[in-house]
Amino acid sequence: MNSLLNQTFTDFTVLVLNDNSTDKTSEILDAFTKQDSRITVITKTKNEGPANLRNEGIERASTEFIALLDADDIALPTRFEKQIDYLKNHPEVGVCGTWFTFFGDKKEKTVRHEVSHDALKVQFLHSCGIGNPTVMFRKSVLKGLRFEHQYVPAEDYGLWSQLIFKTQFHNIPESLLKYRWHDANISQTKEANLRKSEILIKTKQLEQLRIQPTNPEILYYVYAVSLQRNQASEHVIKTVQAAKDLLKHNKNLQVYDLKLFENHINRTIVRTIRNATSYNKAFYKFIKNESGFFNNLKPVDKLTFYLKCLF
């Protein structure tokens, strides 16, 4: 809260959604509302979860520009100023994030996501390319899209991965947020839910390339854009075949920048081959003569791959 009130840009309101907190959150928020008239607190009587609360906050917001911030993160003083300047100067951009820096239980590290729209579209195929608590966006670009509770704890990935097909995205290449990391960020239970949600979100994106969720080989299409380690050779072959199909679809549909998409597929398949768990002569023959990816392997990887398949 202090990081919001200390922004160099000051013409904003703060909507705080208190999700039925049982600690001293309410007392702290009461003190803030007495301190600053820009703050409005909405207190829930039962826990509704982050997706539902973010949707409510967006619905209640009366401004075109909306910024997000999670309870335990810290916005640096010039964050709002720089994001508003960028959005005003680039009317085609609907969503603006920034780089961010981990702190807390994790060694300080700055996350430098892709910056440009085309590169972000490709990045979203394997991971969320924008830090949710860094986001500032135009309310008008949502057009019915919402945070989906079914994707929690990846509800942000779910929304942004769909919205990126409807408006331009940009990341300011500067760390303007400190992201608090602690052991309870994602519990073991949430970890399992996260993996399931990510598969659904990636599958949804592949519909842009005319790959339907009902396709019996859908997981291999997902693995072609998002590295799945430790596949047996027969599964690697199916992943390679899916990758070739995706390249063909994108060439026809041009959903993604052709060069960026090809480079991403090439990197993913090379790493998939290198991380296979089983090798044999038939596998070597397929990769060398039929896959189309053999020449992307480095000479040392070609030799290593040959020896593994031979012995």
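Trainee: How many salt bridges does the structure hold?
Mentor: There are 12 salt bridges in the structure, going by the atoms. Keep in mind that this is a predicted model.

Trainee: Okay, which residue does Arg54 meet in a salt bridge?
Mentor: Arg54 pairs with Asp70, at 2.9 Å from N to O. That pair links distant parts of the chain, 16 residues apart: Arg54 sits in helix α3, and Asp70 in the loop between β3 and β4.

Trainee: Is Arg54 buried or exposed?
Mentor: Arg54 is buried, because its relative accessible area is 16%, under the 20% cut-off. Asp70 is partly exposed at 22%.

Trainee: And where do Arg195 and Glu191 lie?
Mentor: Both are in helix α7, four residues apart, which is about one turn of the helix.

Trainee: Which residues do salt bridges with shared partners join into one network?
Mentor: Lys44, Glu48, Glu56 and Arg60. Within it, Lys44 and Glu48 have their closest N and O atoms 3.6 Å apart.

Trainee: Switching topic: at what angle do helix α9 and helix α11 pack?
Mentor: At about 15°, with the axes 10 Å apart. So α9 is roughly parallel to α11, and α9 passes α11 in a left-handed crossing.

Trainee: Last one: which residues make the nonpolar surface patch?
Mentor: Leu303, Tyr306, Leu307, Leu310 and Phe311 make a patch of about 530 Å². Leu303, in helix α12, is exposed at 52% relative accessible area.

Definitions and conventions:
Residues are numbered from 1 along each chain as its sequence is written. This is a predicted model: local features need pLDDT of at least 70, side-chain atom pairs count only at pLDDT 80 or more; totals for chains, interfaces and linings use all residues. Side-chain values use heavy atoms; hydrogens and water are left out. Patches are made of residues with over 30% relative accessible area and no salt bridge: like charges are joined within 9 Å, nonpolar side chains (Val, Leu, Ile, Met, Phe, Trp, Tyr) within 5 Å. Accessible areas come from the Shrake-Rupley method with a 1.4 Å probe; for residues, only the protein chains shown count as cover. A salt bridge is a side-chain nitrogen of Lys or Arg within 4 Å of a carboxyl oxygen of Asp or Glu. Helices (H or I, at least four residues) and strands (E, at least two) are DSSP runs, numbered from the N terminus. Buried means under 20% relative accessible area, exposed over 50%, partly exposed in between (1.4 Å probe, protein chains only). Axes are lines fitted to C-alpha atoms, for helices over the stretch in contact, and angles run from 0 to 180 degrees between N-to-C directions. Angles under 35 degrees count as roughly parallel, over 145 as roughly antiparallel, 65 to 115 as roughly perpendicular and the rest as oblique. A crossing is left-handed if the near helix is turned anticlockwise from the far one by less than a right angle, and right-handed if clockwise.
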